[in-house]
Amino acid sequence: MNAVEIEEAVSALAEQAFDAAEFPFAFLLAFGNKETTIKRLRAGASNKSDFKSGLGGVLQTNHIHIAVCPPGETGKTLAALRASPATARAKARFVLATDGVDFEAEDRDTGETVACVYQDFPDHFGFFLPLAGITTVKQVRESSFDIRATSRLNRLYVELLKDNAEWGTAGRRHDMNHFMARLIFCFFAENTDIFNGTGLFTDTIAQMSAKDSSNAHEVIGELFRAMNTRIGDRASVGITRWADAFPYVNGGLFSGSMDVPRFSRIARSYLLHIGNLDWTKINPDIFGSMIQTVADDDERGALGMHYTSVPNILKVLNPLFLDDLRARFAEAGDNPRTLLNLRKRMSKIRVFDPACGSGNFLVIAYKEMRAIEAEINQRRGEPDRRSEIPLTSFRGIEIRDFPAEVARLALIIAEFQCDVLYRGQKEALAEFLPLDSQNWITCGNALRLDWLSICPPTGGVVKFAADDLFHTPLDQAQIDFENEGGETYICGNPPYLGSTWQSAEQKADIRTLLKGRTSSSGFLDYVAGWFIKAADYRTRTNSVAAFVSTNSICQGQSVSILWPVLFDTGCDIRFAYTSFKWSNLAANKAGVTVVIVGIGSPTSAPRRLYEHDEQNGVLIREGASITPYLTLGPRIIIEKRDEPIGILSVMEFGNKPSDGGHLLLRSGELASLGLDDAQRDKFIRRIYGSDDFINGGSRLCIWIEDQNLKEALSIESLKARIEGVRRVRLASRDKGANALAKRAHQLKLMRIGTRSTIVVPSVSSARRPYLPAGLVDHHTTLTNLAFGLYDAPPWNMALIASRLHLVWIATVCGKLKTDFRYSNTLGWNTFPVPTLTEKNKADLTRCAEEILLAREAHFPATIADLYEPDKMPANLREAHERNDEVLEHIYIGRRFRNDTERLEKLFELYTKMTAGQATAAKRPANKRTGEASA
Ligand SMILES: C[S@@+](CC[C@H](N)C(=O)[O-])C[C@H]1O[C@@H](n2cnc3c(N)ncnc32)[C@H](O)[C@@H]1O
């Protein structure tokens with residue numbers, strides 16, 4: 001069962017007469033338990049309760065211990081359940097006691113409790129969601145009104161589509177969404193006195209529509225018509241008496257088509273039910289996040305899936321502009337003029353979210369600004385003063401129709417709630433209606449729309465390029481922006497989508513934006529488009545932008561594609577949050593690792609870098625500039641190099657077979673070649689790719705040096721293999737392969753160490769605490785799926801196996817999904833190492849040997865086994881620790897404090913070492929390294 005279904009079942013249970021004996025089972029059924037599970041509990045087989053008083057208890061292992069008690073004993077019973085040894089033994093997360101009048105429960109994991117009258121327990125159903133295996137964030141769990149309202153609107157939506165199938169088609173979806181938005185507004189308005197009196201909307205429908213619901217659509221249509229007609233015009237258009245009690249609302253919300261879908265009896269009853277909820281409790285940012293899934297067939301029922309917590313939204317908004325407003329407010333003290341100036345400044349600020357979803361960033365920005373303004377008004381002795389912060393300053397673009405509708409509604413509701421909070425209900429009501437009909441949330445593709453027309457620089461009348469929200473014809477939405485000198489802050493959480501997941505249209509969006517600015521747009525994440533648009537927008541406006549983004553735009557090749565384009569517009573990184581887990585989405589979405597990057601015009605103010613520490617506190621550091629890799633330091637972009645910058649040995653690809661399977665031997669094939677021991681020694685080598693090396697198992701290959709060709713051809717089995725290769729290569733459409741037919745006895749390249757080879761897998765899981773490099777003997781070679789340092793001094797391996805190198809590779813090469821993609825040209829050739837003395841090299845060699853010996857002690861464990869993050873053997877971990885200790889002392893005479901310090905040192909050294917050198921991009925390709933990167 002999903003959360004929505006559970007809410008329904010729980011509500012239905014609370015509405016039935018209380019049945020003491022049945023309650024525990026009915027409760028468990030409502031939370032998704034199967035009939036068979038309940039049967040076993042009833043029979044006592046799986047009931048672990050030791051609770052004997054009253055009707056006894058029901059204890060479901062790991063879940064809940066429930067007892068129904070005599071009247072007035074709920075508190076006592078809950079305490080007894082808490083203290084019961086069976087509760088602890090069965091590790092029950094919840095205890096619950098009720099006498100049918102009172103209801104008390106406790107979550108033993110969190111210590112949170114619920115105490116309410118029995119009928120109200122559905123208000124707390126989010127509290128018990130873990131019983132159904134649904135874990136979601138606290139704010140969503142606790143927002144019971146928002147959950148219940150969403151759940152019921154969900155049901156209404158589905159029910160309406162059953163009888164009005166055409167409203168679910170692409171052509172009418174907008175009408176359906178618009179209809180739902182109208183309903184939500186009416187429910188809110190009838191509970192908050194906006195519609196003269198309480199419950200007017202629901203009561204009117206209940207009274208005026210027939211019980212069989214045959215005319216419900218006409219009644220609702222008439223109410224909408226009234227809300228779209230000015231009071232003075234009503235008589236002339238013949239608004240009926242019962243609809244005349246409704247105020248004129250319009251604001252675009254009730255203009256356009258007055259069509260209402262037909263209501264079944266069930267749909268009518270759902271509607272009346274929804275109207276009976278207490279809509280004053282709506283929390284516009286949470287509600288918006290939930291309700292936007294209603295119109296989405298795939299996501300309907302997924303509770304809080306798009307919920308972004310207020311603290312996370314503030315991570316963007318605070319450094320972007322709210323911190324500054326608060327600082328100015330603190331500085332102003334009681335000075336009326338300075339306070340006035342700040343208020344004026346705030347009245348001209350625009351906040352623009354070009355991927356606004358249901359408007360949560362805009363709602364939070366609005367509420368925070370209203371809070372500051374209210375304090376200003378307090379200090380100036382004008383507590384009742386009307387707000388000077390126009391809602392229309394909170395602009396958005398959203399590609400999906402329903403969230404765009406909801407965003408505007410959410411802002412309208414937030415404005416009303418702020419007015420009530422800061423000015424009182426009377427004042428709030430006095431100015432609320434009619435709604436402002438200006439269009440400030442645009443439904444469209446933000447990467448195709450002209451942001452200057454949606455959020456124009458200053459003053460001036462602008463036409464919208466996109467379809468507007470509430471039926472205003474395309475070419476009519478015009479706003480006069482009188483905010484001369486105003487600031488614009490762009491914010492949001494645009495969609496992240498790696499290049500492989502982008503649709504053709506999304507790829508085209510990015511290509512169009514990058515046209516003529518870079519040659520390799522293919523790698524960029526979709527979110528990069530918002531940074532480019534914001535950077536371009538800044539060139540024409542006084543604006544700063546900050547987005548939450550996948551951290552991939554600050555790693556690997558994306559850096560050298562995206563950031564030069566952004567910097568070319570003249571912008572700079574103003575502040576940033578380094579990578580952190582965006583873990584507060586509902587549990588059905590894996591947490592993503594994100595960064596927040598703020599870009600704007602260069603200023604003399606220090607740049608701020610925010611980093612989460614291990615306790616999830618935030619450390620703020622300041623510097624003159626921030627690199628696109630999100631470290632403090634001068635601007636730097638690491639580009640591929642053909643050769644190492646320092647004393648490092650050359651790292652090259654392994655050998656591409658291009659052999660049609662004739663040179664590589666499958667298991668058991670060796671015997672069929674009929675070679676004696678001496679021939680095997682001469683013609684057979686072990687060969688590894690990344691996967692073989694990491695997960696164990698290697699293959700064999702035929703290895704024929706030119707000087708041994710004659711002898712090889714004299715062996716029939718080898719001759720046949722060579723012939724096979726020749727045929728395959730000649731048949732290939734690739735000219736390079738055709739040319740290789742002349743060397744049919746060999747792999748494409750013939751790289752092998754004469755003493756040993758250091759192996760570096762080209763792909764390896766980013767979960768491992770170290771890169772799994774290793775050493776193989778001179779009888780072993782590599783495929784092109786691994787890199788090799790042939791006959792290189794072993795201290796090179798100590799470098800590759802270090803934390804420092806892992807941090808460098810993670811940043812400079814980046815990841816593909818959850819793997820590091822090693823690149824010799826981008827990650828190794830650029831790796832800055834200080835001059836090493838002979839002693840340093842000897843120390844590092846010993847460290848590398850110790851790592852290898854530590855691994856051998858666990859033979860036959862594979863690299864994958866040994867580097868499993870939680871199971872890494874102690875001796876191996878210690879060997880790596882020693883290696884890091886030695887290497888880091890070489891860099892700075894002590895261990896680094898953290899990865900940020902490591903990176904900053906590496907960038908500093910890189911800058912010094914490459915000063916005055918050209919990069920691969922500016923030089924012809926090097927013949928030795930050939931292919932650029934893995
Ligand atoms: C990650 S959500 C963030 C929305 C909201 N701030 C939140 O936290 O729920 C990204 C939003 O961008 C919208 N979106 C996706 N592609 C878009 C495009 N090309 N133009 C405008 N909006 C887009 C999605 O529909 C979605 O609502």
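Predicted model: local features only at pLDDT ≥ 70, side-chain atom pairs only at ≥ 80, totals over all residues.

Residues are numbered from 1 along each chain as its sequence is written, and side-chain values use heavy atoms, with hydrogens and water left out.

Start with strand E12, residues 543-550. Helices (H or I, at least four residues) and strands (E, at least two) are DSSP runs, numbered from the N terminus. 8 of the 8 residues of E12 are buried, so this strand is largely enclosed by the rest of the structure. Buried here means under 20% relative accessible area, exposed means over 50%, and partly exposed is in between (1.4 Å probe, protein chains only).

Who pairs with E12? Strand E11 (residues 488-492) runs parallel to E12, joined to it by 5 bridges, and Thr488 has Ser543 of E12 as its bridge partner. Strand E14 (residues 592-600) pairs with E12 as well, in the antiparallel sense and over 6 bridges; there, Thr550 sits opposite Val594 of E14. For pairing to count, DSSP must find at least two bridges between the two strands.

Now jump to helix H2 (residues 23-30), which is mostly covered, with 6 of its 8 residues buried. Those buried residues are Phe23, Pro24, Phe25, Phe27, Leu28 and Ala30. Their cover includes helix H1 (3-15), helix H3 (35-43) and strands E1 (57-60), E2 (64-68), E3 (94-98) and E4 (102-107), where contact means heavy atoms within 4.5 Å. Just after H2, Gly32 adopts a positive phi of about 95°.

Lys91 has a positive phi near 50° and is found in the loop between helix H5 (85-89) and E3. Ser213 also has a positive phi, about 70°, and lies in the loop between helix H9 (200-208) and helix H10 (216-227). Are these two residues buried or exposed? Lys91 is exposed, with a relative accessible area of 60%, whereas Ser213 is buried, at 2%.

Last stop, the cis peptide bonds. One joins Leu433 and Pro434, with omega about -10°; Pro434 is in the loop between helix H19 (425-432) and strand E8 (441-443). Another runs from Phe859 to Pro860, with omega near 5°, and Pro860 is in the loop between helix H33 (838-856) and helix H34 (863-866).
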